[in-house]
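Subject: Structure handover

Hi,

Here is the structure we talked about. Please look it over first, then read the notes below.

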2 protein chains.
Amino acid sequence: MTEFSVIEACHIEALGSLLGQKGLLTVPADMASYETGARYDKGRAAFVARPATTAETSAVVAYCVRNGIALVPQSGNTGLVSGSTPDESGRQGVLSLDRLTAPFELDRINRTVKSGAGLRLSDVNGKLEQSGLFFPIDLGADPRLGGMIATNTGGSRFLRYGDVRRNTLGLTVVLADEAGTVLDLSSDLRKNNTGVDWKQLFIGTSGAFGIVTECVLNLEPAPKQSATALLVPSSPEQVATLLVAMEDALGSYLSAFEGMSGNAVRAALDHVPSLRNPFQGGVVPGFVILAEISRSNQPREGEQPLDAVLEEVLAAIWEREDAPLADAFVGPPHEIWALRHALSEGVKHSGRLIAFDLSFRRGDIMPFLAHMKAEMPEHFEDVTICDFGHIGDGGVHFNLVVAKDDPRHADPDFEANLREWVFTVAVEQFGGSFSAEHAIGRKNQASYNKYTPDEIRRLAAGLKTITSPGPLGAMTF
Amino acid sequence: MTEFSVIEACHIEALGSLLGQKGLLTVPADMASYETGARYDKGRAAFVARPATTAETSAVVAYCVRNGIALVPQSGNTGLVSGSTPDESGRQGVLSLDRLTAPFELDRINRTVKSGAGLRLSDVNGKLEQSGLFFPIDLGADPRLGGMIATNTGGSRFLRYGDVRRNTLGLTVVLADEAGTVLDLSSDLRKNNTGVDWKQLFIGTSGAFGIVTECVLNLEPAPKQSATALLVPSSPEQVATLLVAMEDALGSYLSAFEGMSGNAVRAALDHVPSLRNPFQGGVVPGFVILAEISRSNQPREGEQPLDAVLEEVLAAIWEREDAPLADAFVGPPHEIWALRHALSEGVKHSGRLIAFDLSFRRGDIMPFLAHMKAEMPEHFEDVTICDFGHIGDGGVHFNLVVAKDDPRHADPDFEANLREWVFTVAVEQFGGSFSAEHAIGRKNQASYNKYTPDEIRRLAAGLKTITSPGPLGAMTF
């Protein structure tokens, strides 16, 4: 119990006896990293509970519900919407998944693994390396599994492998009721339609309906060959043409079709000097596409190498009368992906970032970007659009960068107004989503409230009441 | 109003005024096909309502809920678990989707279609033929979309394309409340995590939570090349070895890995004389695997033909020291699939069928089948096991055939005892599912009641109350 805590000492003592010394943090220095989000946000935790088992999680949750103590579940804490950090009241406890790292049971024939929700994505794929299988969600960040489930992460290979929802077979969940009820939804079956598929409720709902402690994941054969190219469309309108042409020619070979604005690419090249500038004369185009094809077999004799496949397809597109391609070059995957994965950090370092995780029908991405490029200066001066994202699945990381010393940062209305305008155009004008793959946290609670029909909000509130009536999660449904 | 109806005339009149002449059937001859299931079951309908729009569906449902009239939604009526037909009371109305065939709006760039839930699978793919895209669920039957959603159908290409859940982006649903509330969940976005994903509730739940009137579906590039082979494993234990070897070698090329018992193959060959017997000397092996590889691009110069790819992979497996393969031959896809698709009818015609739609961890399928083969004669004499199914996704159509003139058919306990024993072994001993891809109807209500934990049943009942409190569907949650 420290001088800063605003939770009664008896509760800290009780939680300590449930969790042991390693399981409960109350000293500010120990709690600091759990209170600080990946981007700007900083709250204050009453305590950090770190259960190591489902049973401990259940005991903590039950205790907190019975005593009206709010919990914010935290996984890898890599999210960008303030969904995993406590608010500033100091009255919320953090429930961290970071010690829930067991079990890890690979079923090679079933192509599944049962894993603790506290393992990091990189740990999971590291442990799987010898098996020839992998968990096929590709991200710049390195979250823990529970948070990936709570946000239904998609990432850069969605086009081939889908999102976390598609790759989740089973879950073990602790509900926020007075018993800390454990729901065993840990099926390892691929076809299983025997009633309501309750696990769906805990995927993409930011931990508000229960805490995931274990999961059963689908694994895929790891790719053993890949080829990548950078494509420069001859105009923004031709991006959709290129996507359709590539899908028609390559089908399920195509594993990524990512969009990168020139601004984002320049920011990455500036921030990471070791990156090679791959463009002719170093001149970064206004918009670039990263296309990847891959396959999971070892190269076989007689098989056309993937580089040649990609070059042939691009040559055919190059010959088209509508000339969708202004330039294209096939290059080494590690180099091209290094550029793609540097975008996020590059953009973040180019100024103060106001980030959006939007999605659209695939054909609406470029019209939306064109609209924003044209309208931004009229609505907000000196805001640079550094978007990148996933053309293949409609996701757009719509990043707005404002100089760090811009005086408008002192005005709390500036960011709020900017956000409202962007959401209005994205959702109301273009039929897009205000949260593609980051789910909901305090940062987009206002959008949830605004854009969720009353009927759906009523149903969600009812569902919350019958499953997890206790105060759980950073947002409210 | 006919002499057989047990619903008050005023209700028939009211429904008639909501639906018009084409929209309401009350004459027994007109209703007969709606009262009869695809396999054995036969009920009696108070009326058949055939709304043509979501608004009409809402009006009918609202009227029925307000007046306590139970409705059984019926789509293509091709299901096998008595989920789409009325019971024998004559007091349930059928709500047929067969006139809900509009809209049909293809978005070529987004690779999606918005469709009325009453279209048949074959109609959908027929309309899409020119686009180069298809809805990638492959079935022997030809259901309508609403029923495919209500059962979360998987089929034979699950391994590549997944189930209906994976390929559903949005739904329009009418709830069974007094207002006939229409939930617009018709998103056409691929990444969209903005709260509870309500559409999941209506997928695989047999229409009990609401009636799907429209859907937005993911489409995939249609395959343009395929190659198939029949594989004879050297022992049942080697089936899993073959599956892993094929996946390792072929990755996402592999689009089907189906198992067929010798009994099922013989039944198909007997029933459909035009089928070619592909086996040496006409001797059908005890178990055969159908493997398919496919890709969606037009053949390219320099590209190895798929037949050669498949032959090469099989040759490498043939050389293995553990010799998993006893025999294998690559043959024309239309011929090999004709045999596969004839299994269901063949088995049905070989006697009285008692069918199960089970699923297992992939490695448990062959042990389960071996166990049943050994134990069946001790428990039930003269019952032939004619299984086939989907090794790649764990699904097993576990068909038991009893001679049509067997006197035990007169004993109502015979089938009940047989079913109970099979479910006990499959679910309790092997950890399998009692319903892989047919969801729940009257036929497996008892299994739902037995195998669903109390906590889940309580939650499901609560969810039913807050969404669709009215009497809807053939089963109860």
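Which residue's side chain meets that of A:R111 in a salt bridge? The partner is A:E220, at 3.7 Å from N to O. A salt bridge here is a side-chain nitrogen of Lys or Arg within 4 Å of a carboxyl oxygen of Asp or Glu. This pair links distant parts of the chain, 109 residues apart. A:E220 is in strand β11 (residues 220-221) of chain A, and A:R111 is in the loop between β5 (104-107) and β6 (112-116) of chain A. Helices (H or I, at least four residues) and strands (E, at least two) are DSSP runs, numbered from the N terminus. Over all chains, the count comes to 48 salt bridges.

Some ground rules. This is a predicted model, where local features need pLDDT of at least 70, side-chain atom pairs count only at pLDDT 80 or more, and totals for chains, interfaces and linings use all residues. Residues are numbered from 1 along each chain as its sequence is written, chains are lettered from A and ligands numbered from 1 in the order in which they are written, and side-chain values use heavy atoms, with hydrogens and water left out.

**The two copies**

A rotation of 180° with 0.0 Å of shift along its axis puts chain A on chain B, with an RMSD of 0.0 Å. The two copies are thus related as by a two-fold rotation axis. The superposition is by least squares on the C-alpha atoms of residues with pLDDT of at least 70 in both copies.

**The interface**

Chain A gives 84 residues to the contact, and chain B gives 84 residues. Contact means heavy atoms within 4.5 Å. Of the interface residues of chain A, 100% are also interface residues in chain B, so the copies meet through the same surface.

The buried area between the chains is about 6600 Å², and carbon and sulfur atoms give 55% of that. In chain A, A:I109, A:K191 and A:N193 lose the most area to chain B, together 13% of what that side buries. Buried area is the accessible area (1.4 Å probe) that two parts lose on being put together, summed over both.

Twelve salt bridges cross the interface of chain A and chain B. One of them joins A:E247 to B:R111, with the closest N and O atoms 2.7 Å apart.

Several elements of chain A each supply at least two residues to the side that touches chain B, including α7 (238-250) and α9 (306-318). α14(A) gives the most, with nine residues.

**A sheet in chain A**

An open sheet of four strands runs in the order β1-β2-β4-β3, with mixed pairing. Its edge strands are β1 (24-25) and β3 (71-74), each pairing on one side only. Strands pair if DSSP finds at least two bridges between them. β2 (residues 45-49) and β4 (residues 92-96) of chain A pair in the parallel sense over four bridges. There, A:A45 stands opposite A:Q92.

**Backbone details**

A cis peptide bond joins A:A102 and A:P103, with omega about -5°. A:P103 lies in the loop between β4 and β5 of chain A. In chain B, a cis peptide bond joins B:A102 and B:P103, with omega about -5°. A:N152 has a positive phi of about 50° although it is not a glycine. A:N152 is in the loop between α5 (145-151) and α6 of chain A.

Best wishes
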